[in-house]
Structure formats: C-alpha cells, structure tokens
Amino acid sequence: AGEVLFDVGANQGAFALLLAEVWPKATYFLFEMMPTYGELIKKTFEKHDARDRVRIIPNAVSSVSGDSVPILGDPGHVSSYKGWTGASLLKRGEQFGKQIAETTTVALGEWIAALPADQRVPDSIPFVKIDTEGFDGAVLKGMTVGDNMLRDQRTRSIFFELNKMSLSSDFKPKAAFDLLSDHGYDTYLILNEGLYRISDECFEPDEYTS
C-alpha cells in the first residue's frame with residue numbers, strides 16, 4: 001500500500017493488470033495517448049480490486065512537456081483492429097506515417113513534480129513499464145528532468161522496448177543505455193532463456209545507422 005507504478009503506453013491495460021496482480025495494493029498511473037482507450041482500460045479493470053487506484057493520463061510521454069504533437073499510425077489498424085493501433089510519435093514509413101489523432105506531451109519527471117501534495121509520488125518507485133513503439137528512449141530521457149525519477153536509482157526497475165523502430169528516433173538505443181548506466185543501472189536483454197547483461201562490447205556502430 002502506498003506504492004506507485006507507471007505504465008507508459010498502456011494500450012487497453014493488460015500489462016497494468018499483470019502489475020496489479022503482483023502489487024495488489026499499489027496505485028497505478030497509466031499513460032495512454034489514444035483517444036477512447038481510457039474507456040477500454042476501465043473495462044479491463046472493472047472487476048479488479050485496483051480499479052479505484054488506476055489513474056489514466058491521456059497524454060503522450062516524451063523528453064519534453066507541453067508540445068502539441070500528431071499521433072502517427074495506420075488508420076486501418078485503428079478502425080479494424082481493436083488490440084493494437086501502431087500509434088507512436090514517430091513516423092515509421094508510409095504504413096505508420098499518417099496522423100490518426102493529436103495530443104500533448106509530458107515528461108515524466110516534470111509531470112510528477114507538478115502533482116499536488118496529496119498525490120506526491122514516493123521516493124521509491126518499484127516499477128516503470130514503457131512501450132511506445134520506438135519512442136522509449138525519449139521517455140527515459142524525460143524521466144531525468146524535474147523530479148528526476150532515475151536519481152539514486154529511485155525507480156528500482158524499468159521495463160522497456162528498444163527495436164528497429166528506435167533507430168528512427170532522436171534518442172538512439174546506445175544513448176538510452178548510456179543514460180541508464182550514468183545513473184548506476186545495469187541493463188539486461190530479456191529472452192525466454194533468461195536475462196542477459198548488456199555491456200559496451202555488445203554494440204557495433206552500424207547497428208545505429210539507417
């Protein structure tokens with residue numbers, strides 16, 4: 001009780017529901033920028049004991065706050081497939097390059113710094129999940145501004161995705177790993193076989209070029 005967890009790119013809330021099984025008494029901040037998905041999250045949690053401790057924030061999470069930005073994706077996915085929209089702040093070719101909505105950005109560190117006193121986030125944050133279709137590096141960077149969520153490793157665990165889409169962002173995968181390393185974190189690749197430590201020897205420059 002009293003702990004606060006973050007799900008950035010919550011979609012319909014399925015991952016957050018898993019978190020609620022592990023931390024049944026925590027409060028959950030779910031960031032989902034797609035319009036109407038807030039109602040789907042509420043439906044996911046409607047029978048769960050944590051439903052009154054789920055807060056849905058309809059903003060995109062980035063490295064800066066206050067930017068008005070287009071949400072890019074495939075309109076066909078939005079209209080025909082309810083499970084995944086491909087929505088991102090990144091333009092990823094023609095297939096996922098069309099504007100499907102618009103939103104305003106927040107940087108997580110600034111966002112928690114602006115919370116009212118009765119909603120203050122504790123100094124220790126157990127878990128942050130990030131899945132923003134290639135934009136995860138910018139989200140990590142935004143955790144360091146304002147009330148720095150990475151200082152002294154106050155966020156104990158961060159689960160995020162870096163993939164080929166990340167190469168299109170301004171914050172390349174190596175920069176994300178360097179940011180975490182500078183704050184004292186160890187980084188691991190998650191595979192079915194287990195966790196694999198990532199070190200400088202894993203990287204080759206041509207991995208980060210188009």
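Phe15 is partly exposed, with 24% relative accessible area; buried means under 20%, exposed over 50%, and partly exposed in between (1.4 Å probe, protein chains only). The model is predicted, so local features need pLDDT of at least 70 and side-chain atom pairs count only at pLDDT 80 or more, while totals for chains, interfaces and linings use all residues. Residues are numbered from 1 along each chain as its sequence is written, and side-chain values use heavy atoms, with hydrogens and water left out.

The structure holds nine aromatic pairs. Rings of Phe, Tyr and Trp (its six-membered ring) pair if their centres lie within 6.5 Å; planes under 30 degrees apart count as stacked, over 60 as edge-to-face and the rest as tilted. One of the pairs is stacked: Phe15 and Phe127, at 6.3 Å centre to centre with 20 degrees between the planes. Phe15 lies in helix α1 and Phe127 in strand β7 (residues 125-130), 112 residues apart. Helices (H or I, at least four residues) and strands (E, at least two) are DSSP runs, numbered from the N terminus. Phe127 is buried, at 14% relative accessibility.

Ring pairs also link Phe6, Phe29, Phe31 and Trp111 into a cluster.

Now to helix α2, residues 37-45, whose buried residues are Tyr37, Gly38, Ile41 and Phe45. Seen down the axis, these fall within an arc of 105 degrees, so they line one face of the helix; the arc is that of the directions from the helix axis to the C-beta atoms. The face turned away from the buried side carries the exposed residues Glu39 and Lys43. The buried residues of α2 pack against α1 (14-22), β2 (27-31) and β3 (54-57), where contact means heavy atoms within 4.5 Å.
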